[in-house]
Amino acid sequence: MYKLYKSLIVSILTILLLTACSSKSVEQSENGKKEINLLFNFATSSLDPNVDTSYVSLRAGITETLVHLNDETLKIEPWLAESWSSKDGQTWTIKLRENITFQNGNPMDGVAVKASLERAMKDSIAIKNALRIESIEADANTLTIKTEVPFPEFPSELVHPNTSIIDITETDFVKKPVGTGPFAVSSFTPGTSVDLIRYDEYWDGAAKLEKARFSFNEDANARSLALESGGADVVFRPEVESLENLETISGVTVESTSTFRVHQMTMNLQRKPLQNINVRKAMDALINRESIVDTILRGHAEVATGPFPSSFTFAPDYLEKQTGIEVAREFLRKAGYEEVAGVMKKDGEPLELTLLTYSARADLPLIAQVFQSDAGQLGINVIIQQIEIPEEYMAANRDWDLTTYSNLTAPRGDAGYYLNATYHPNGALNFSGADDDKLTSMIDKLNTTVGQQDRSDIAEKIASYVDEQVYNSFILHPNTLVAYNSDKVKNWVTSRSEYYMLTNELDVY
């Protein structure tokens, strides 16, 4: 009865949401303005571009970074910065584009950018650790930045959305950050949507759209229904099961694009059972990757053998692993476990694991359920716990063992971002708690190495070492799924980095 009641409530809320979206859509068509509604899969309660892990300000075209990633070449390119150079890899000269203004009309000059970067490092330990900046000096439109150590790949870190440049004299960072992008914030309802208006003085040419709405809904089915009803014009990650139906609708285009993302099983190395490598190998062996790709993702993914898609030069050729319940059983036997009356035990204690997951990526809870079922056949009690914001929960709590987690691994076209963030002791995404001197030394060497081939060689060794130690298990590389009304939306681009969405080129027919 409770499940039926809960289902009814969810249905009613979904209908109300779609009705609201549809009303907005009708209003848009009646007033004749050029505007669209994009429905995203992660909700946010803050637009603060320096700390929001949903990166809404960048994705919604409110803010921009100094450096931009070219989605096709996977090379970094100038954006707010015009150029950068360094003779020693530690002292950097960055020249800013001239005649750029923030959305309040204030100039984006060296002093403003210096203040923005310093504010980002002050409010985000992740950005402080990633940039490793010792000092910044500003002279007109030139910045001189010195890093703590030689850091040849420093410019690539300036692609990160949390380094977005804002006018810090406007202090309502949560509700109305003031950036340099083509759209300014009109209003923001936390957890629901942000309404945007065109910034006519945008430096790269005023946006073709007059208005836009960037909405949030973490229910994949509701997002698909919103597109069907006309309540949304672009839907990010519609429900996989709905794709065939969406493709039959006249005027709807569905795009499935390979990306730099990996779905992984993050392991908490501070939990006693997972400190044993054979237990970690057993968890890895239990994951039926091919089945998950075929059934849960309906083929819109690539089986992962490591963190990086096989198309990258720094993705190693891994040895084929044996998988399955019997293989996992043997690893647990090596770890000192035995099955007693259908329960896996060691020293009389049953093996029980808490597995975190979150619904904003609809496939992750399903992967968690499959893993729970397979582990149950081996006598392991896996308790699934739903959380909302994985980064916040994993950083603040250590009462969990495993997490189905999704992460961008090479959004700058380089291995350094993921390896530093995930496996360095100071890494912002080191939720597993990895603190391995050998691994840290290899990452530090990568950080001071110049030249793509040399960097790729070191990154391969690091990725192989991580695989040998099974610090995390890599499940699959999901495609980015986007569905949109192509009878209305013009110039939409599904980016592999997932960073750039509402642009000045986006238009309507």
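The legends below describe close-up views of a predicted model.

View 1. H263 lies in strand β13, which spans residues 261-267. Because its relative accessibility is 2%, under the 20% limit, H263 counts as buried. The side chain of H263 makes a polar contact with the side chain of D363, at 2.9 Å. Beyond its neighbours within four places in sequence, H263 is in contact with R361, D363, L364 and I367, with Y405 and S406, and with F474, I475, L476 and P478.

**View 2. The largest cavity and its lining.** Four cavities of 30 Å³ or more are found when the whole structure is searched, and the largest cavity holds about 50 Å³ of space. Its lining is made up of F151, E153, S156, E157, R412, D414, G416, Y417, N420, N447 and R455. Two elements, α5 (154-157) and α13 (416-423), each give two or more residues to this lining, and α13 gives the most, with three residues. Sorted by class, the lining of the largest cavity has five charged, four polar and two nonpolar residues.

**View 3. The second largest cavity and its lining.** The second largest cavity contains about 40 Å³ of space, and the residues that line it are Q264, T266, Y405, N407, T422, L429, N430, F431, S432 and N472. The elements that give two or more residues to this lining are β13 and β20, the latter covering residues 402-408. The lining of the second largest cavity divides into seven polar and three nonpolar residues, with no charged residue. Strand β13 is also the strand in which H263 lies, and Y405, one of the residues lining the second largest cavity, is among the contacts of H263.

**View 4. A140 in the loop between β6 and β7.** Most residues other than glycine have a negative phi. A140, although not a glycine, has a positive phi of about 55°. A140 is found in the loop that lies between β6 (133-139) and β7 (142-147). With a relative accessible area of 56%, which is over the 50% limit, A140 is therefore exposed.

**View 5. A341 in the loop between β15 and β16.** In A341, again a residue other than glycine, phi is positive, with a value near 55°. A341 has its place in the loop between β15 (338-340) and β16 (343-346). A341 counts as exposed because its relative accessibility is 81%, over the 50% limit.

How values were computed
Residues are numbered from 1 along each chain as its sequence is written. This is a predicted model: local features need pLDDT of at least 70, side-chain atom pairs count only at pLDDT 80 or more; totals for chains, interfaces and linings use all residues. Side-chain values use heavy atoms; hydrogens and water are left out. Helices (H or I, at least four residues) and strands (E, at least two) are DSSP runs, numbered from the N terminus. Buried means under 20% relative accessible area, exposed over 50%, partly exposed in between (1.4 Å probe, protein chains only). A polar contact is a pair of N or O atoms within 3.5 Å; within protein, one must be able to donate a hydrogen and the other to accept it, and residues adjacent in sequence count only if both atoms are side-chain atoms. Contact means heavy atoms within 4.5 Å. On a 1 Å grid over the protein atoms alone, a cavity is a set of points where a 1.4 Å probe fits but cannot get out, and a pocket is an open set with protein on both sides within 12 Å along at least five of seven lines; lining residues have an atom within 4 Å of a point. Grid points are joined across faces, edges and corners, and a volume is the space filled by probe spheres set on the points. Ala, Val, Leu, Ile, Met, Phe, Trp, Tyr, Cys and Pro count as nonpolar, Asp, Glu, Lys and Arg as charged, and the others, Gly among them, as polar.
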